[in-house]
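Hi there,

Here is the structure I promised to pass on to you. Please have a look at it, and then read my notes below.

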Amino acid sequence: MQNWVTCHQYVVWMTPSRTTPPRPVDIAAAFPELAAYRRTATRLHPRPGDPGPGDSSVGGPLLWPADEPWPTCETFHKGEVTTEGVRLRRRILAQAWGRTRRGESLVLSEQEQADLERADATPTDEDDAKANPMPLMALAQLYARDVPGLTCPERMDLLQVLWCPHDHDEHDLYLPAVHLRWRRASDVTAVLADQPEPAVVEYDDYVPEPCMLHPEVVTEYQDVELLPQDLRKRIEDWEQAAGHDYQKELSLTTGWRVGGFASWSLSGPQPMICECGRDMKPLLTIDTCEWESPYWRPVEEPDYPSGEFESLAKPNMPTEIVISRGYALYVFICPDSFDHPLRFTMQ
Ligand SMILES: [Zn+2]
Ligand SMILES: [Zn+2]
């Protein structure tokens, strides 16, 4: 454990510009023993923006040293769509919806229809050949100064997350392969310009929209299925009487986040044990939706889009990343060593 340092001792606490609504009831007051099943998490609240390499971001440029090779995937991939096509499609549709009054149908010009067809074209064998070996895609970077609770290796203060935007048959998941890099930001004196990215991807859902982050520290309580049987039973009885839902309203937050607990809503609880024997902890959650119910929608944001015109963007899906059918991908890390292999689950 001696090689660990808690980065948040250096953190400048910022006023979050996104705020999780207060819980409708203080569950820890009703069940003080939940103190043993409490952790903090940091909701990252990614929102569309124009991040630079000096910013914490999703889908922004990384603080990558100009003299360090960009990592590539070892697998040869054939793409379903070009990355350029994904961006072109989003741009055309954003413009078209943006001029469409609410309640009216979308009308595309001939030029836009032609551009959309071009955007959706399946990559040719030649495109695939040129696209491999596949550079990894920059997915996110987190500066410890911005993200309370992000624990970094000694002398490091920056986490960079890259992925290969093709389904990989690893960890019993068919999802993009996630790679982490830890750095000391001050080591990077010259930043790599024109950062590489994959020319073809498996799904448009794997191309992140550039987002700035608005980190907020929140409290989470353990997934109901991992509470002791007796406590769980008493909470269930209380739910009946009080008209609240522990799992949905009071325990686990939603959206991209650091720390906290994993939900096990899809598979039921699975042990996440490192090969060294330690219980692993969620490091990062890559979530499809920032919120699915008003319980977790920031108070600053409307519950439905307003204004005269339609919008392509879904307010609760700012990154455009979709994990399978709308799930979350959890990256687990060993508390003993940053060098032990990561584990993943999708829930
Ligand atoms: Zn790959
Ligand atoms: Zn370990």
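Ser57 stands opposite Gln141 in S6. That pairing belongs to the contact between strand S4 (residues 57-58) and strand S6 (residues 137-143), which run antiparallel and are joined by 2 bridges. Before I go further, please keep in mind that this is a predicted model.

Both strands sit in an open sheet of 6 strands with antiparallel pairing, in the order S3-S11-S4-S6-S8-S9. At the edges you will find strand S3 (47-48) and strand S9 (173-183); each has a single partner strand, so one side of each is left without a neighbour in the sheet.

Next, the metal site. Which residues coordinate the zinc ion (ligand 2)? They are Cys274, Cys276 and Cys334, each through SG, and His340 through ND1, at 2.0 to 2.3 Å. Along the chain, these donors follow the spacing C-x1-C-x57-C-x5-H. Cys276 and His340 link distant parts of the chain, 64 residues apart. Cys276 lies in the loop between strand S13 (257-259) and strand S14 (281-287), while His340 lies in the loop between strand S15 (328-333) and strand S16 (343-346).

The arrangement of the 4 donor atoms around the zinc ion (ligand 2) is tetrahedral because they subtend angles of 106 to 114°. For reference, the ideal angle for four tetrahedral donors is 109.5 degrees. Cys276 counts as partly exposed, at 38% relative accessibility, and His340 is partly exposed as well, with a relative accessible area of 23%.

H5 has 14 residues and reaches 20 Å from its first C-alpha to its last, close to the 20 Å expected at 1.5 Å a residue. Which residues of H5 are buried? Leu231, Ile235, Trp238 and Glu239 are. Seen down the axis of H5, these buried residues fall within an arc of 105°, so they line one face of the helix. They pack against helix H1 (27-30) and helix H6 (246-251). The face of H5 turned away from this buried side carries the exposed residues Gln229, Gln240 and Ala241. Just after H5, Gly243 takes a positive phi of about 75°.

Best wishes

Methods. Residues numbered from 1 in each chain as written. Chains lettered and ligands numbered in written order. Predicted model: local features only at pLDDT ≥ 70, side-chain atom pairs only at ≥ 80, totals over all residues. Heavy atoms only, no water. Donors = N, O, S within 2.8 Å, 3.2 Å for Na, K, Ca; no water. Tetrahedral: all angles 85-135°; square planar, octahedral: opposite > 155°, others 65-115°. Helix = DSSP H or I, 4+ residues; strand = E, 2+ residues; numbered from the N terminus. Buried < 20%, exposed > 50% of the residue type's maximum accessible area, 1.4 Å probe, protein only. Pairing = 2+ DSSP bridges. Expected span 1.5 Å × (residues − 1). Arc of directions from axis to C-beta. Contact = heavy atoms within 4.5 Å.
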